[in-house]
Amino acid sequence: MDAHQAAVIDVQFEKNCQKPSIQVQMLKTNDFPADPAVKERVAGHESILRELDEAKLFTIKDWIEKDDDKEIPVFSTKDNRLGPSTGTTALCSMLRMGMRCEVALINAGSVRAGKVYDPDDFFTWSDMKAEIPFPTEMSVCSVPGKILQETIQNSRRLAKDKIAKGGYIHTSRTTVCSQDGEIKSILGKDFDPEKKYLTAFPRNFLAGIDNHKPLLDWATTKKQEELPSDHSATPAKLILVEIFSALFWLRFGSFEELSRGGGVISKDDVRHRMRQLYGGNHGVADLMADSVFKIADKDGDGSVSVTEQIIIRFVASDMLDHVVTESEIEVMKEIASQVLGKAPSHQEID
């Protein structure tokens, strides 16, 4: 029912009668007094949902794209079915970082709020639900550059005629391409159509949604084991929450600044620091604080050690910069010095 009405159904079986008599009466629920215990329980659940909706995930201005050292003062997902939009590109870039791949693609139909954001505002969980209302499960697969380019171009072919399509493909910032989808560079290197690029995209692309023909035709030439399986896909919202949770640790400061005693970082320490960063007690949902803490508590013992803080900061840095193998030790040293507040010894790095 719709909760505004309740159905009272009376089924009676008369003696020697094969069919029962059925009477249905519709009653307005507002005509009955509310149960105080149920009302209190519902209010408690609603407060948790409201708190989560208001949870701050990131500051808009931190993700505004820069061009030649001049900020484009817009974070927008408006009109993303007709062309690139800064907000859609930013969300796609976050997915690339979270999936740890070279390229990320997302269709305009998966990012739906069509909103222009104030640079000084926070992007909240409520914004996330509005922008990505569907599961949008993301898969990763190595795709030839030629197929990538043809797929993007095919998705954008109608945009020049101002025909809005949910299949319009957006790319991550590190994939530089023209308005019509010609790729110029990926991760700062000249585009190579013969190279295979590790690419994240919605799993339903391979199921035929939006009919991305170049990608679908290519997939028919591959063995099943060469394509991403259904169970390997990850919901976009989960990827984004995980990356935000990891990136928080880059803002937390040193171990001594974060830990308030006991030689470890507690969940309360994390919540306290998040409230300091976001000002006051508002906008820090317990579920978000739990997520930020849990991603660092690798051994699940209910606390974060110095080593675990170094690890999560390294992981977060790698998401941002994709650290190459030969420079990992130098990056670990730099991160360790930030956490410890001093230059680390060889033993501390080991």
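Me: What is the mean pLDDT of the protein?

Reply: This is a predicted model. Its mean pLDDT is 85. Of its residues, 86% reach 70 or more.

Me: Where does pLDDT stay under 50?

Reply: Over residues 345-350. The model has 8 contacts beyond four places in sequence for them. Where pLDDT is low, the predicted coordinates should not be read in detail.

Me: Why is Arg156 said to have no salt bridge?

Reply: A salt bridge needs a side-chain nitrogen of Lys or Arg within 4 Å of a carboxyl oxygen of Asp or Glu. For Arg156, the nearest side chain of opposite charge is Asp180, 6.5 Å away. That is beyond the cut-off, so no salt bridge is counted. Yet Arg156 is buried. Its place is in helix α4, residues 145-156.

Me: What makes the pairing of Arg156 with the side chain of Tyr168 a polar contact?

Reply: The limit is 3.5 Å between N or O atoms. The two side chains are at 3.3 Å, so the pair falls within it. The side chain of Arg156 also reaches the backbone oxygen of Ser178, at 3.1 Å.

Me: Which residues have the most contacts inside the largest nonpolar core?

Reply: Phe58, Phe75, Phe123, Phe244 and Trp249. This core has 53 residues. Helix α6, residues 236-248, gives the most to it, with 9 residues. A second, separate core has 18 residues, including Cys141 and Leu227.

Me: What does Phe244 contact, leaving aside its neighbours within four places in sequence?

Reply: Leu57, Phe58, Met94, Met128 and Met288.

Terms used. Residues numbered from 1 in each chain as written. Predicted model: local features only at pLDDT ≥ 70, side-chain atom pairs only at ≥ 80, totals over all residues. Heavy atoms only, no water. Helix = DSSP H or I, 4+ residues; strand = E, 2+ residues; numbered from the N terminus. Buried < 20%, exposed > 50% of the residue type's maximum accessible area, 1.4 Å probe, protein only. Lys, Arg positive; Asp, Glu negative; His and termini not counted. Polar contact = N/O pair within 3.5 Å; in protein donor to acceptor, adjacent residues only side chain to side chain. Core = buried A, V, L, I, M, F, W, Y, C linked by side-chain atoms within 4.5 Å. Contact = heavy atoms within 4.5 Å. pLDDT = per-residue confidence, 0-100.
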